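Here is a short briefing to read alongside the sequence and the model. Please keep both in view.

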Amino acid sequence: MTTQQHVHPICFIGAGNMTSAIIRGMVQTGYPANLIMATNPSSAKLHILQQELGIQTSTDNADGLAFATYIVLAVKPQMLSAVCAALPDAQRQQKSYISIAAGVSVERIQGMLGAAVPVVRTMPNTPSSIGMGMTGLFAPQGTPNALCDIAQYALEQVGKTLWVNNEDDINTVIAAAGSSPAYLFLLAEAMQTKTQALGFTASDARILVAQALAGAGAMLLAEPETDFATLRSNVTSKGGTTAQAIESFNHARLADIVADAMQAAVDRAQQMQQEI
């Protein structure tokens with residue numbers, strides 16, 4: 001936020017790890033701390049944020065609506081309906097919203113708020129907590145540009161962002177980025193287990209696998225002009241150890257396994273939208 005016209009009071013309802021990471025990034029990049037509020041039922045997390053960053057805090061969500069132009073809904077999806085219903089009627093219908101609640105459509109959020117208020121829906125992932133996140137964003141046609149700008153700015157404080165044109169595409173974001181850290185952790189777990197079985201201690205196996213996977217991931221970003229297949233082939237000498245491992249993966253139809261898993265995530269995301 002480099003120009004005054006883009007700076008407005010903003011309130012985060014919910015003070016979990018994602019909220020803390022976003023606010024920390026905003027303050028560090030120059031957003032005025034006195035124009036940021038966080039609300040939460042308990043005061044312990046709020047006290048830490050207030051002491052560290054100098055933001056406004058309250059245990060009453062109504063204070064956030066009175067304070068802010070933009071409201072970030074950063075509570076668990078199953079809590080969102082009750083939180084929205086408890087907001088003061090007159091004020092909640094005059095605000096603009098950014099949602100971080102997974103699986104809750106814009107239409108459903110508007111229904112919870114009782115009006116067709118402006119809403120940007122976002123889907124960040126857990127690496128956002130260390131500034132390496134990937135967030136998908138969706139805004140219905142006609143959403144004010146200022147709301148889109150502040151939503152993108154806020155989520156860029158914890159990683160990369162990608163706008164999608166259709167709300168259903170958020171489910172693909174979930175499969176490709178939201179859930180995918182767990183895919184890698186599962187692979188890492190399996191690799192560590194086998195490394196230990198081959199004689200290494202748990203700690204040595206962990207550092208071998210973690211550093212190798214982290215380095216490979218960094219290469220994906222460091223060489224954006226190189227497609228993933230080329231990166232793989234560059235490591236795979238014909239007739240060598242890597243080629244033998246890749247052949248084993250291909251024999252097990254790894255690509256099909258990954259595709260089926262991602263489709264399962266998309267299907268579940270679609271189901272969740274009907275349940276919340």
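In which helix is the place of Ser 20? Ser 20 sits in helix α1, which covers residues 17-28. This is a predicted model.

**Ser 20 and its surroundings**
- Ser 20 has a relative accessible area of 14%, so it counts as buried, the cut-off being under 20%.
- Leaving aside residues up to four places away in sequence, Ser 20 touches Ala 15 and Leu 49.

**Nonpolar cores**
- The largest nonpolar core holds 33 residues.
- Ile 10, Met 26 and Tyr 31 have the most contacts inside this core.
- Two or more residues of this core come from each of β1 (10-13), α1, β2 (36-39), α2 (44-53), β4 (70-73) and α7 (145-156).
- The element that gives the most to this core is α7, with 7 residues.

**Cysteines**
- How many disulfides does the structure hold? The count is 0.
- Cys 11 is in no disulfide, and the nearest cysteine sulfur, that of Cys 84, is 12 Å away.
- Why is neither of these two paired with the other? A disulfide needs the two sulfur atoms within 2.5 Å, and the sulfur of Cys 11 is 12 Å from that of Cys 84.
- Cys 11 is buried, at 0% relative accessibility.
- Cys 84 is buried too, with a relative accessible area of 0%.

**Helix α13**
- Helix α13 runs over residues 254-275 and has 22 residues.
- From first C-alpha to last, α13 reaches 32 Å, close to the 32 Å expected at 1.5 Å a residue.
- Which residues of α13 are buried? They are Ala 265, Val 266, Ala 269 and Gln 273.

How values were computed. Residues are numbered from 1 along each chain as its sequence is written. This is a predicted model: local features need pLDDT of at least 70, side-chain atom pairs count only at pLDDT 80 or more; totals for chains, interfaces and linings use all residues. Side-chain values use heavy atoms; hydrogens and water are left out. Helices (H or I, at least four residues) and strands (E, at least two) are DSSP runs, numbered from the N terminus. The expected span of a helix is 1.5 Å times one less than its number of residues. Buried means under 20% relative accessible area, exposed over 50%, partly exposed in between (1.4 Å probe, protein chains only). Contact means heavy atoms within 4.5 Å. A nonpolar core is a set of buried Ala, Val, Leu, Ile, Met, Phe, Trp, Tyr and Cys residues joined through side-chain atoms within 4.5 Å.
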